Every structure is written in C-alpha cells, then in structure tokens.
Amino acid sequence: MTDSGGPARGRVWQLMGSATGAPSWDELAPWWRETFTHGADLEYEQQILPLALSHLAGRRRILDLGTGEGQLARRLVESDSRRVVVGLDSSAAQLANARAEGGGPSWVRAAGERLPFADGSFDAVVCCLVIEHAADADAVLGEVARVLDGGGLFLLLINHPIVQGPGSGLVDDTILGERYWRIGPYLQETRNLEQVDSGVQVAFAHRPLSRYINPLADSGLFLARMEEPEPPAEFLAGSLDTDFERSMPRLCLLRFENR
Ligand SMILES: C[S@@+](CC[C@H](N)C(=O)[O-])C[C@H]1O[C@@H](n2cnc3c(N)ncnc32)[C@H](O)[C@@H]1O
C-alpha cells in the first residue's frame with residue numbers, strides 16, 4: 001500500500017496499537033511527519049504531490065479533506081497565492097503539526113463525515129490517502145458532494161484497491177523459483193490492521209472501486225479521469241523482474257466532476 005511498503009527506513013517505532021484497536025492518528029502523527037513529509041517520501045515527491053497539483057490547476061477554493069500535517073495544502077497555496085485553501089483533519093496532533101508549519105492554508109479540526117461548511121463552499125475537494133482510514137466512507141462522499149459548487153471537482157487518491165488490497169503483494173518463491181503477484185479478495189469490504197513500518201500498525205478499510213464511483217455518481221459527481229501511475233523507479237531498485245513490477249500500480253487517482 002502507498003502509506004506502507006517502500007524502501008525500509010531503519011527506525012523502529014512502537015505504534016502497534018492494542019489487541020482491540022489500531023493506534024489513533026494522534027499517536028501516528030510523529031511517524032507520519034518523519035516518514036512521509038518534508039521530502040522524506042519519494043512517492044509523495046515524485047508522484048502524489050505533482051499529480052494532485054496538476055489536477056487542481058485553476059481551482060481557487062480548495063478543501064484538503066484529511067490534510068494530515070498539511071503538506072499538500074501548503075503546496076497548493078505556494079503554487080497559486082490567490083487560492084483559499086482549507087486543510088481539515090480529525091486529528092488534533094496532525095493539525096498541531098500543520099499549524100506549526102503555517103504556510104498559508106487555514107486549518108480546521110472536524111470529521112470528514114460532518115463538514116462544518118455551507119453547501120457549495122468549494123470549487124475543489126481533494127482527499128489524498130484518507131478515505132481508506134475513514135470510519136464512514138459514504139458519509140464522507142455525501143459531504144464532499146454537498147460542499148462542492150456546481151462546477152466542482154473531487155480528486156480522490158487511494159491505494160490501488162485492485163492490486164494493493166489486503167493479502168495482495170509480490171510473492172518471491174525462492175524454492176520454486178517463481179515470482180508473482182498474489183491478489184487478495186477484491187469484492188469483499190474489509191477492515192484490517194496492517195503493519196506498515198517497523199513497529200507501526202495502521203487500520204485500513206478495503207473497498208472495491210464501485211463503492212466510491214457509484215455513490216458519487218448518485219450525487220452528480222462523475223468519473224472524468226483515472227490515473228494508475230507506474231511505481232517510481234526507486235521502488236524497483238533491486239527488483240529481479242523490473243518489467244513485471246513496473247506493471248503493478250500502487251496508486252489510483254480518480255477525478256470526479258460535477259455535471
Ligand atoms: C495517511 S494520512 C494522509 C494525510 C494527507 N492527506 C497527506 O496525504 O499527506 C490520513 C489522514 O486522514 C485523517 N483522517 C482519517 N479519517 C478521517 C476522517 N473521517 N475525517 C477527517 N480526517 C480523517 C487522519 O487523521 C490522517 O491525518
């Protein structure tokens with residue numbers, strides 16, 4: 001998954017949650033900041049942030065739903081100072097890190113399931129690697145549709161659920177000399193705790209793509225574009241079969257437009 005895997009970073013964290021639950025995003029905030037922001041993660045730098053910025057070009061009132069420590073929200077303002085950008089997150093610790101960085105966006109603590117904004121407040125909403133962690137995806141999608149204006153755009157970035165779902169991944173069978181991609185159950189909606197780093201577990205919800213596309217269509221938001229980029233070249237370093245691994249996407253970007 002995109003907020004897992006990738007090159008090992010060496011540090012051991014102690015964020016394994018308990019038998020009954022995963023660490024909260026308040027607990028995960030230091031790990032997130034150190035591992036995925038300020039240029040630490042090449043997938044963000046080379047792929048996720050440039051793709052999101054290019055799709056949001058020309059949009060002026062943008063909500064970054066699940067902003068984390070605000071790396072995308074800040075870059076949206078840096079790339080166009082006329083923008084009004086709101087970074088919203090349910091985690092106080094993530095937002096404290098965002099506020100400490102400053103940088104132009106305004107920061108709001110709220111759940112994506114109940115957005116504290118009037119109907120039609122934004123011309124774009126972006127949700128970057130967030131919906132997999134949301135308790136109620138339908139409520140989040142309904143709120144996104146409500147706060148977008150008539151020509152609104154919704155950019156949804158997710159771990160690719162077809163090939164990156166639970167139980168999926170590269171199998172390197174050194175005994176049989178086989179190397180293949182195992183695909184876990186796709187149609188089944190599941191919630192899983194995944195070990196994503198040394199000493200770090202994160203809760204993920206797996207849902208098939210139709211679970212996002214159809215409710216949004218029912219709200220008038222239609223899929224206009226889909227991107228499935230190859231993994232960044234550095235992820236393939238050391239691969240025994242670069243062509244094969246290059247053909248397995250990590251990220252899925254879905255662009256919805258209000259019609
Ligand atoms: C993997 S981080 C991604 C952060 C940021 N979008 C980025 O790409 O750098 C997921 C974030 O989503 C937030 N989040 C999860 N569920 C949420 C919800 N229902 N409402 C608002 N924020 C949520 C978490 O607190 C966390 O900061």
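Helix axes are lines fitted to C-alpha atoms over the stretch in contact, and the angles between N-to-C directions run from 0 to 180 degrees. In this predicted model, the axes of helix α5 (residues 137-147) and helix α6 (residues 210-218) come within 10 Å and cross at roughly 40 degrees. Angles under 35 degrees count as roughly parallel and those from 65 to 115 as roughly perpendicular; α5 and α6 are therefore oblique to each other. The crossing of the two helices is right-handed.

The contact between these helices involves Ala137, Asp138 and Leu141 on the α5 side, which meet Arg211, Tyr212, Pro215 and Leu216 of α6. By class, the residues of this contact comprise five nonpolar and two charged, with no polar ones.

The model also contains an open sheet of seven strands, arranged in the order β3-β2-β1-β4-β5-β11-β10 with mixed pairing. Strands β3 (106-109) and β10 (221-227) form the edges, each pairing on one side only. From one strand to the next, the twist averages 20 degrees.

Within this sheet, the pairing of strand β1 (residues 61-65) with strand β2 (residues 84-89) is parallel and extends over five bridges. One of the residues involved is Leu63, whose bridge partner in β2 is Val86.

Key. Residues are numbered from 1 along each chain as its sequence is written. This is a predicted model: local features need pLDDT of at least 70, side-chain atom pairs count only at pLDDT 80 or more; totals for chains, interfaces and linings use all residues. Side-chain values use heavy atoms; hydrogens and water are left out. Helices (H or I, at least four residues) and strands (E, at least two) are DSSP runs, numbered from the N terminus. Angles under 35 degrees count as roughly parallel, over 145 as roughly antiparallel, 65 to 115 as roughly perpendicular and the rest as oblique. A crossing is left-handed if the near helix is turned anticlockwise from the far one by less than a right angle, and right-handed if clockwise. Contact means heavy atoms within 4.5 Å. Ala, Val, Leu, Ile, Met, Phe, Trp, Tyr, Cys and Pro count as nonpolar, Asp, Glu, Lys and Arg as charged, and the others, Gly among them, as polar. Two strands pair if DSSP finds at least two bridges between them.
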